[in-house]
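Have the structure open as you read.

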Amino acid sequence: MTERSAALDAADQLAPLRDLFVLDEATTYLDGNSLGALPRHVPDRVRDVIDRQWGELRIRSWTESGWWTAPERIGDRIAPIVGAGPGRIVVGDSTSVNIFKAVVGAARLLDPAEPIRDEILVDATTFPTDGYIAASAARMTGMPVVPVDPELLVGSLGPRTAVVLLNHVDFRTGRLHDLPAITAAVHEAGALVVWDLCHSAGALPVGLDAHGVDLAVGCTYKYLNGGPGSPAFLYVAERHQQRFDSPLPGWNSHADPFAMDGEYAAADGAVRGRVGTPDILSMLALEASLDVWEGVRLDAVREKSLALTDFFLECVEVYAPKGRVESLTPAAHAERGSQVALRCAEAPAVMEALIARGIVGDLRRPDVLRFGFTPLYTGFADAERAARVLGEVLTEVPAGHV
């Protein structure tokens, strides 16, 4: 397997991108689906923001350094990565805040002539914050939340369905849900769909515009490598923008924010998704990090992602003792994101031992080992080494030791 990994790395057209990131050879980093690696050029760019833009220009930087327009400018840079046209995405706030805006905003887009349409369908296996926010949105709108298994979602749609909130990729298993087919089914049922792209943006093609998605949210600190806590993004389809009514109408989304008018008047376009003053330091760090995407084709990223996860699963089959781990990640390419989740009864002890040996994945309690494969900087040798060390650890950690 070592020789095969070397040959695969030698043929990898994306391999040169690895040098753009701060990585050390002693560590195999497979946790980019939680926090992406640091692009090498970002610290110098952030120093400029701090020393010159803030330190010297101070308040002049809102105009002279483009701080005020950063949310839309950076949104336009993310747009091609998720298949959106310019003016559809605004960057700012956290994923949770943007989910709240999107779900309540979607409910407010519904035709008031259809009062029977009153249910919010939510992925029953969703990342917890999505469920928490959906429940809060339900209390605000008076619409009950109905948890649904994503595999049964299409059959659960009906005349009462108002809004559907769904993760594009399941955070535990890495299962990729069929965005085009589900979006079409939701629309056929007369409802609107909000997609959570946190585990797909930057890992695979999304096609928001092409597939007619209504609203979407995503974080930027995973596959987009924006840094810890970097601001999330909100997508509002162009056809909905003039009627999008944000539940958080802050002064930054006002048509004339510096008029300081007591009456709110929404700005045009994606600007309606803004709330308060942008978090400039983290936002401009994100903007710098997006430079690594220049000239990168999403189909090449997807091709490598699938090849990496295929190879890792093959290596696990070779190295891991039989019966100790089970893949929760679908084998079918059309159903797989860019991570591999392995069920292991001894997962806590195994992941602790892996990290101690320089294999950094993460744990989803109680029994899931999760390994993220970021095609821009993860290589086939990383996949082989991780599987080999996993096999060694499993032989050393007794069965039943948690």
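## An exposed ring and its partners

Let's start with Phe258, which is exposed at a relative accessible area of 56% (buried means under 20%, exposed over 50%, partly exposed in between, with a 1.4 Å probe and protein chains only). Keep in mind that this is a predicted model, where local features need pLDDT of at least 70, side-chain atom pairs count only at pLDDT 80 or more, and totals for chains, interfaces and linings use all residues. Residues are numbered from 1 along each chain as its sequence is written, and side-chain values use heavy atoms, leaving out hydrogens and water.

Phe258 pairs with Trp68: the ring centres are 5.0 Å apart and the planes sit at 45 degrees, so this is a tilted pair. For the cut-offs, rings of Phe, Tyr and Trp (its six-membered ring) pair if their centres lie within 6.5 Å, with planes under 30 degrees apart called stacked, over 60 edge-to-face and the rest tilted. Trp68 is in the loop between helix H3 (61-64) and H4, while Phe258 is in the loop between E8 and H9, 190 residues away. (Helices are DSSP runs of H or I with at least four residues, strands are E runs of at least two, and both are numbered from the N terminus.)

Both rings belong to one aromatic cluster along with Trp62, Trp67 and Trp251. Trp68 also has the charged end of Arg274 over its ring, 4.9 Å from the centre (the test is NZ of Lys or CZ of Arg within 6 Å of the ring centre and within 35 degrees of the ring normal).

Phe312 and Phe373 make another tilted pair, 5.1 Å centre to centre with 55 degrees between the planes. Phe312 is in helix H10 and Phe373 in the loop between strand E13 (368-372) and helix H12 (380-396), so the pair ties together parts 61 residues apart in sequence. Phe312 is buried at 0% relative accessibility, and Phe373 is buried with a relative accessible area of 0%. The structure holds 10 aromatic pairs.

## Two cores

The largest nonpolar core has 55 residues, and Ile74, Ile78, Val82, Trp195, Leu197, Phe233 and Trp293 touch the most other members. A core here is a set of buried Ala, Val, Leu, Ile, Met, Phe, Trp, Tyr and Cys residues joined through side-chain atoms within 4.5 Å. A second, separate core of 30 residues includes Cys344, Phe371, Leu394 and Val397.
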